[in-house]
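Take a look at the protein below. This report goes from the whole chain to a few of its details.

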Amino acid sequence: MKSTGVVRRIDDLGRIVLPKEIRKTLRIREGESLEIYTNEEEIILKKFTSASDLKETSQSLIDTIANTIKSNIFVADRDNIIAGSGALKKEFIDRSISNNLENILLNNEKVSKYSISYNDIINSDESLDKIFDYLVCPILSDGEVVGLVLIIDIHTGKRFSEEQIHISQIIAQFLEKCLEE
């Protein structure tokens, strides 16, 4: 465990303030939920996202669909790409999403983007010259965006087909139903 060197007092209602730097680094926004764990003499706070509970379900679903439509399909929670299938899986899986995708999440946008760089999809110190096309469909839970379905392909200049758009919507709707249960 990494020490931050920050010490905070507990107020009379049992509250503490998480420092802004820690909230920014861990992408903890106002109103988000934290899970609380205890471990002997430690209290552990973990960022909670219901979409990350869907990792196995998402992976099975997109593996099946990606084999059928021959596309690179990914599912992201509010922070990371949690499931992926297709030839680009190794480049994107378990990577932190970019600020660009985070803004799409926060604004509940349905987007098709063409000619976008690697770093506009994920946060990375690497600078790849590859250009990608991507299609984004939000995953909702109780009216709040908790994740994204992404179809990512090497840039070809062609628009995404109606089939690909519908498939991204079907995946998002299926995962939304799973979150309701």
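## Overall picture

Of the 181 residues in the protein, 41% are buried. Keep in mind that this is a predicted model. The C-alpha atoms fill a box of roughly 60 × 40 × 30 Å, taken along the principal axes.

The protein has five helices and seven strands. Along the sequence they come in the order α-β-β-α-β-β-α-α-β-β-β-α. How far apart in sequence are the residues that touch? Take the contacts with a separation of 6 or more: 49% of them join residues 24 or more positions apart.

## Two helices side by side

Two packed helices are described by the angle between their axes and the distance between the axes. Here the pair is helix H2, residues 55-69, and helix H5, residues 162-180. They pack at an angle of about 160°, and their axes are 11 Å apart. Angles over 145 degrees count as roughly antiparallel, so H2 and H5 are roughly antiparallel to each other. The crossing of H2 past H5 is right-handed.

Which residues make this contact? On the H2 side they are Thr57, Ser58, Leu61, Ile62, Ile65 and Ile69. On the H5 side they are Glu163, Ile167, Ile171, Phe174, Leu175 and Cys178. Sorted by type, the residues of this contact are nine nonpolar, two polar and one charged.

## Cysteines without a bond

How many disulfides does the structure hold? The number is zero. Cysteine 137 is in no disulfide, and its nearest cysteine sulfur, that of cysteine 178, lies 15 Å away. Seen from the other end, the closest cysteine sulfur to that of cysteine 178 is in cysteine 137. A disulfide needs the two sulfur atoms within 2.5 Å, so 15 Å is too far for a bond.

Is cysteine 137 buried or exposed? Its relative accessibility is 4%. Buried means under 20%, so cysteine 137 counts as buried. Cysteine 178, for its part, is among the H5 residues that meet H2.

## A look at arginine 23

Arginine 23 sits in helix H1, which spans residues 20-25. Its relative accessible area is 31%. That value falls between the cut-offs of 20% for buried and 50% for exposed, so arginine 23 is partly exposed.

What does arginine 23 touch? Leaving aside neighbours within four places in sequence, its contacts are Val17, Leu18 and Ile28. Lysine 55 is 32 residues from arginine 23 along the chain, and their C-alpha atoms are separated by 24 Å.

Terms used: Residues are numbered from 1 along each chain as its sequence is written. This is a predicted model: local features need pLDDT of at least 70, side-chain atom pairs count only at pLDDT 80 or more; totals for chains, interfaces and linings use all residues. Side-chain values use heavy atoms; hydrogens and water are left out. Axes are lines fitted to C-alpha atoms, for helices over the stretch in contact, and angles run from 0 to 180 degrees between N-to-C directions. Helices (H or I, at least four residues) and strands (E, at least two) are DSSP runs, numbered from the N terminus. Angles under 35 degrees count as roughly parallel, over 145 as roughly antiparallel, 65 to 115 as roughly perpendicular and the rest as oblique. A crossing is left-handed if the near helix is turned anticlockwise from the far one by less than a right angle, and right-handed if clockwise. Contact means heavy atoms within 4.5 Å. Ala, Val, Leu, Ile, Met, Phe, Trp, Tyr, Cys and Pro count as nonpolar, Asp, Glu, Lys and Arg as charged, and the others, Gly among them, as polar. Buried means under 20% relative accessible area, exposed over 50%, partly exposed in between (1.4 Å probe, protein chains only).
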